[in-house]
Amino acid sequence: MSESSENGAGPDQENDQRRLRKNDMLKMYYGMDGGNGQPSNDPLDIDSPNFNADHYLRKLKQENNLSELMDAENDMAKQIRTLDSDMQTLVYENYNKFISATDTIRTMKRDFRQMEDEMEKLTSNMAAITQLNAKINSTMETNRQQITKLSGVHSLLKKLQFLFELPARLKKCLEMGSYAAAVSYYTRTRAVLQHYQHMESFSGIERDCKNIVNEIISKLKETFYDKDSNTHQLAECVGLLLRLGEPAGLLCDDYLQHAKSKLDEDLQELRSYLAGENSAGTSDESEGPGLLIDVLEFMDRGSNGFLSNLSLTIAAYENLFIKQTEVSSMTAAMDGSFSPLLQSNDVCEVANTKLLSFVQDLLETYFALVEKRLMLDKRSRDNALIVRALDRFFRRLQATTNLLPNVNIMKLGGEIIVKVAKARCEHYQLALKEFFTDCLTDARHAISAPKGKSNQSHPNLLDLVNSTASAILNQIKSVLADVQLFTVRDINFSAMTYFRREFCCDDVREVVIVHFIRYISETLLSFCDSSNLSKTTTPPPALLLLLSRLCRDFEQSTVAYVLTLTDEQFMIPSRDKTSQVGDLTTKMGETAHKLLESYVQYSGLSLSRMIRTSIEARDWLKCVEPRQVRAVMRRVVEEVTQSDQQVGYLYEEGVRTARSSDSSKRTHPVSVSRQRERSHWGAYAPSSTMDNSLLSNIQKLFSERVDVFGPVEFSRTSILTGVVKIALKTLLECVRLKTFSKFGLQQLQVDCHYLQLYLWRFVSDENIVHGLLDEVIASCVHRCVEPTVMEPSVIDVICERG
């Protein structure tokens with residue numbers, strides 16, 4: 001492979017070396033340096049100019065043998081033949097080039113010879129022309145001055161003739177209505193007439209011309225003030241009046257005053273829509289009280305009426321007093337009557353100043369009407385209509401601002417749009433609050449409604465919580481969809497910086513959503529106000545339970561979902577979020593816990609009132625022998641059972657302590673100590689060395705303390721435990737304030753036995769019920785004048801029958 005590659009590369013290398021050698025030879029011939037750098041001075045280099053043949057041969061003989069010398073001889077002979085061939089080729093190629101260059105030079109000599117002949121002819125012709133010109137000058141020299149003088153006299157006579165005929169010309173133009181021609185004639189001669197006005201003949205002409213020009217000015221002003229005059233006529237009138245020297249400021253004022261009357265009519269029409277009155281004095285009740293048209297039609301009429309006429313007025317004004325002034329100045333300069341009154345820069349500056357003030361005053365009035373109309377609909381339910389109206393208003397302002405860039409129309413209009421957007425967000429904030437209030441009212445009515453045909457004493461709270469949460473979430477989604485219309489790409493004003501950041505972060509997320517979440521928490525916390533405990537109009541306990549579950553759901557999922565949905569729909573970056581999800585969920589969790597505690601307190605208070613009333617309203621010293629359980633105790637058990645069912649809808653069972661196998665059989669709180677206490681009751685005397693109250697206090701030291709108002713967890717057993725503890729604690733405190741007879745003690749035994757039969761299953765620890773009921777019976781025994789307890793078998797029979 002290597003040998004074939006070397007053989008293939010051999011011819012190419014030889015060709016390259018041959019070509020380089022030719023180039024070097026040419027360079028040597030023309031005295032140029034070779035391409036390989038400076039020539040070598042080595043005497044042994046055959047290509048060096050200092051080559052020494054003797055030294056070269058001597059070196060070859062010393063270093064090489066005979067065969068190598070013969071190879072060197074053959075190689076040198078081959079190189080000599082190659083050099084001869086290259087030299088012949090080089091000479092041949094250069095010879096052809098020299099022949100071609102010789103032919104080219106010969107052709108150039110022939111062409112230059114022809115050009116020399118033509119130049120000689122041209123020189124002779126120019127000399128003949130010069131001679132002829134000199135002959136003509138010598139012949140006409142005598143009459144030249146006379147001809148020039150006569151020509152000047154003729155021109156002067158024509159000007160004088162034009163001046164003397166000027167009044168007649170102006171009169172004819174006035175009669176024909178050719179005001180432009182008349183003004184052109186007069187402006188061309190005005191400077192001459194003023195210069196020679198001291199001469200009587202010229203003063204008369206000037207006086208007649210001024211009278212006619214005054215009539216022309218009057219005619220032009222009539223056309224200028226005519227409401228039916230079109231734009232072309234107004235432009236012609238203004239241009240002619242300016243050329244006649246009328247003050248530009250007065251013309252601007254007159255034109256703007258004339259235009260203002262029409263624009264004031266448009267504004268008055270918009271005011272009539274706001275006032276609910278139009279030219280016919282009728283109103284359309286379908287559009288709402290006092291409003292003839294909706295906001296979209298109001299914007300259309302304002303845009304197509306006032307803004308369109310304002311745009312036309314601005315365009316016509318600029319054409320009349322700015323562009324026309326420049327044209328008039330150029331025309332006056334061409335007529336040679338340029339006056340300081342027609343200085344275009346001064347006139348344009350005055351015109352622009354007056355136009356700016358005129359437009360600003362009208363726009364302030366228009367923007368005030370637009371803002372007032374939009375604010376009338378700030379509580380409208382159709383947000384899409386308001387957004388469309390704002391978009392049309394914005395697009396029309398964009399078209400108007402091109403006509404008058406000096407007035408920051410877009411800034412003023414943008415401020416109105418921002419105000420409306422903020423007002424709409426505040427409206428949706430209030431709407432969400434009202435909706436939440438309505439949801440609370442509906443939930444309260446559903447809880448307080450009488451039972452239906454199904455004989456269900458209370459509604460399914462879980463369904464009520466789910467429907468309320470679903471309604472609130474759907475309302476929030478609806479509000480987000482409405483306010484998102486402000487940021488749709490198809491809406492032109494959505495490209496404003498405000499709608500890309502501040503609107504999304506501050507107005508939508510904070511003002512509408514976060515504020516509403518905080519409002520829910522604050523509103524529900526108001527139900528937990530302890531001052532409500534002393535009021536007659538307290539919230540139903542079931543409502544507090546429902547709201548606690550609602551807040552719990554908000555804490556666990558709804559708040560995070562709503563804020564995530566808001567951030568995604570409005571593309572709010574994390575760095576711009578003021579309120580964090582964790583803070584809001586923590587606040588909602590605290591509210592849920594307080595509501596649950598309030599439910600326990602309110603439910604316990606309801607039972608406490610029944611128990612307290614039943615204890616205080618009865619004379620326990622005059623009781624008859626008990627034959628049944630008192631109705632209030634059955635009512636207490638029913639209420640606790642109902643609360644258990646309500647709580648079971650919303651919360652899980654929770655943790656219970658291990659129950660003893662005889663929980664349902666331990667029905668006599670004092671059965672253990674009954675025999676022991678009989679001896680004390682029988683031997684009781686005031687002088688006894690051991691007071692019975694001391695025994696009770698010693699027993700309390702070894703009993704477990706019950707925290708009545710302890711913390712409540714989000715579980716069924718924890719909630720019911722709190723309610724039962726409050727009810728039994730109330731029973732205990734009321735018993736301590738009464739004195740009992742024997743039958744009163746026995747009746748209380750029956751009641752406590754009945755409560756113990758049913759209440760133990762609702763609490764997390766049955767010992768709580770046993771301990772409190774033991775304290776009740778013990779307290780009753782110490783306050784009984786004849787402490788004789790009833791037999792357990794009799795109590796069982798009475799309770800089973802009850």
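Q: How far apart are the end C-alpha atoms of helix α17 (residues 631–650)?
A: In this predicted model, local features need pLDDT of at least 70, side-chain atom pairs count only at pLDDT 80 or more, and totals for chains, interfaces and linings use all residues. Residues are numbered from 1 along each chain as its sequence is written, and side-chain values use heavy atoms, with hydrogens and water left out. Helices are DSSP runs (H or I, at least four residues) numbered from the N terminus, and the expected span is 1.5 Å times one less than the number of residues. The 20 residues of α17 should therefore span 28 Å, which agrees with the separation of its end C-alpha atoms, 29 Å.

Q: Is Ala182 buried or exposed?
A: Buried means under 20% relative accessible area, exposed over 50%, and partly exposed in between, with a 1.4 Å probe and protein chains only. Ala182, which is found in helix α4 (residues 179–195), has 1% relative accessibility and therefore counts as buried.

Q: Which kind of aromatic pair do Phe306 and Tyr366 form?
A: Rings of Phe, Tyr and Trp (its six-membered ring) pair if their centres lie within 6.5 Å, and planes under 30 degrees apart count as stacked, over 60 as edge-to-face and the rest as tilted. For Phe306 and Tyr366, which are both buried, the values are 4.8 Å centre to centre and 25° between the planes, and the pair is stacked.

Q: Where does Arg552 lie?
A: A charge sits over a ring if NZ of Lys or CZ of Arg is within 6 Å of the ring centre and within 35 degrees of the ring normal. At 4.1 Å from the ring centre, Arg552 lies over the face of Phe714.

Note on methods. Helix = DSSP H or I, 4+ residues; strand = E, 2+ residues; numbered from the N terminus.
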